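Please walk through this model with me in the viewer, one selection at a time. Each stop names what to select and then says what is there.

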Amino acid sequence: MDEAVQIVNAIKKGQISPIYFLFGEEAYFIDKISDYIGDKVLTEEEKGFNQMVLYGRDVSIDDIVGNAKRYPMMAERQVVIVKEAQHLSRTIENLCAYAENPQKSTVLVICYKYKKLDKRKKLFKIIKKNGVIFESKKLYENQVSDWLRKHLLSRGYTISHKAALLLVEYLGTDLSKISKEIEKLKLALPQQTEITPEHIEEHIGISKDYNNFELKRAIGERDMLKATKIITYFAQNPKDNPFILTVTLLNSFFTQLLQYHGLNDHSPKNVATALRINPYFVNEIQAAARNYPMRKVSSIISSLREMDLKGKGVGAVAMSDADLLKELLYKII
């Protein structure tokens with residue numbers, strides 16, 4: 001996150017490199033950097049003749065180099081953005097010759113999503129020397145809440161701890177998806193607002209009381225009554241609460257619980273680090289560990305895999321989401 005901000009700040013100061021190679025599993029930061037370059041490096045008048053967007057599935061490395069070697073028209077520089085460059089993975093090393101002597105009046109942006117560039121290869125070393133190379137790593141779940149708070153703060157909002165956890169629990173670690181939901185909140189709420197679970201329920205549609213976050217907590221506490229109320233709500237609203245998502249999240253929870261049982265050091269700091277979870281969840285894990293010994297956790301994980309198959313129609317003929325959820329809860333508790 002900090003590196004992405006540094007790249008943008010350098011561009012703001014006029015420190016513009018001839019090549020930006022953006023790669024990695026998290027598409028959000030790649031899009032943000034490439035969009036910023038596309039929006040800010042050239043004026044609106046200059047973009048017509050001097051900005052080009054290419055797509056990796058439609059071009060070759062020779063096409064990219066040919067466009068990058070053109071001279072700008074009535075402007076100091078031109079911008080060439082290559083999106084979906086991961087489709088050129090077999091020939092990407094052919095970019096070495098151009099990267100060794102890049103056109104100074106061209107800003108070439110390579111968006112190489114969901115793949116890694118081998119740091120041992122010649123291309124990586126050349127671009128690192130002559131341009132900017134940025135690896136966009138996927139954030140762990142315990143990092144997303146911090147990113148969310150910083151993201152909102154930069155836009156004039158704050159968010160309560162529970163609201164942040166609710167969003168992350170429901171939307172996962174896909175920053176692009178979270179960002180889209182934040183835009184809904186920004187349209188509905190004035191700046192300086194602290195976003196609460198009530199705001200999320202009203203404007204995004206995630207129930208603050210009946211969600212996978214609360215179901216996981218109820219199951220961890222062996223609170224059968226609360227867990228039953230939640231799965232009843234899920235069964236009545238299957239489109240908003242797909243069974244497969246519930247199984248996946250519970251499988252992740254019990255896998256973390258199995259890892260917890262295998263730790264020698266159960267101090268909160270070590271648990272948060274080893275399980276890569278927000279420290280807020282450590283008490284929840286510790287409480288669940290007292291209710292579910294290792295052998296029981298192993299059995300539950302096996303049952304969750306079985307229920308996952310049933311949810312996909314394997315070994316379950318015409319079972320409704322309500323029946324699947326009831327069986328799931330019975331097998332766990």
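Predicted model: local features only at pLDDT ≥ 70, side-chain atom pairs only at ≥ 80, totals over all residues.

Is Ser207 buried or exposed? Ser207 counts as buried because its relative accessibility is 6%, below the 20% limit used for that class. The residue sits in the loop that runs between helix H10 (197–203) and helix H11 (212–220).

Show the side chain of Ser207 and look for the backbone nitrogen of Asp209: the side chain reaches that nitrogen at 3.3 Å. With neighbours within four places in sequence left aside, Ser207 is in contact with Leu166, Glu201 and Tyr233.

Now select the whole of H11. How many of its residues are buried? The helix is mostly covered, with nine of its nine residues buried. They are Asn212, Phe213, Glu214, Leu215, Lys216, Arg217, Ala218, Ile219 and Gly220; charged side chains such as Glu214, Lys216 and Arg217 are therefore included in the buried set.

To see what covers H11, colour its packing partners. The buried residues of H11 pack against H8, helix H12 (224–236), H13, H15 and helix H17 (321–332). Then step just past the end of H11 to Arg222, which takes a positive phi of about 55 degrees.

Helix H8 (161–171), helix H13 (243–261) and helix H15 (282–291) each supply at least two residues of the lining of the second largest pocket. That pocket has a volume of about 490 Å³. Of its 22 lining residues, select the ones closest to the centre: Glu141, Gly172, Thr173, Leu249 and Ser252. Which helix gives the most to this lining? H13 does, with six residues. Coloured by class, the lining shows eleven nonpolar, five polar and six charged residues.

H2 provides the largest share, eight residues. By class, nine lining residues are nonpolar, three are polar and eight are charged.

For the last stop, select the cysteine sulfurs. How many disulfides does a search of the whole structure find? The search finds zero. Cys96 is in no disulfide, and the nearest cysteine sulfur, that of Cys111, is 19 Å away. A disulfide needs the two sulfur atoms within 2.5 Å, so the 19 Å between Cys96 and Cys111 rules this pair out. Cys111 is likewise in no disulfide, with the sulfur of Cys96 as its nearest cysteine sulfur.

Cys96 is buried, with a relative accessible area of 9%. Cys111 also counts as buried, at 2% relative accessibility.

Terms used
Residues numbered from 1 in each chain as written. Heavy atoms only, no water. Buried < 20%, exposed > 50% of the residue type's maximum accessible area, 1.4 Å probe, protein only. Helix = DSSP H or I, 4+ residues; strand = E, 2+ residues; numbered from the N terminus. 1 Å grid on protein atoms, 1.4 Å probe; cavity = no way out; pocket = protein on both sides within 12 Å on 5 of 7 lines; lining within 4 Å. Points joined across faces, edges and corners; volume = space filled by probe spheres on them. Polar contact = N/O pair within 3.5 Å; in protein donor to acceptor, adjacent residues only side chain to side chain. Contact = heavy atoms within 4.5 Å.
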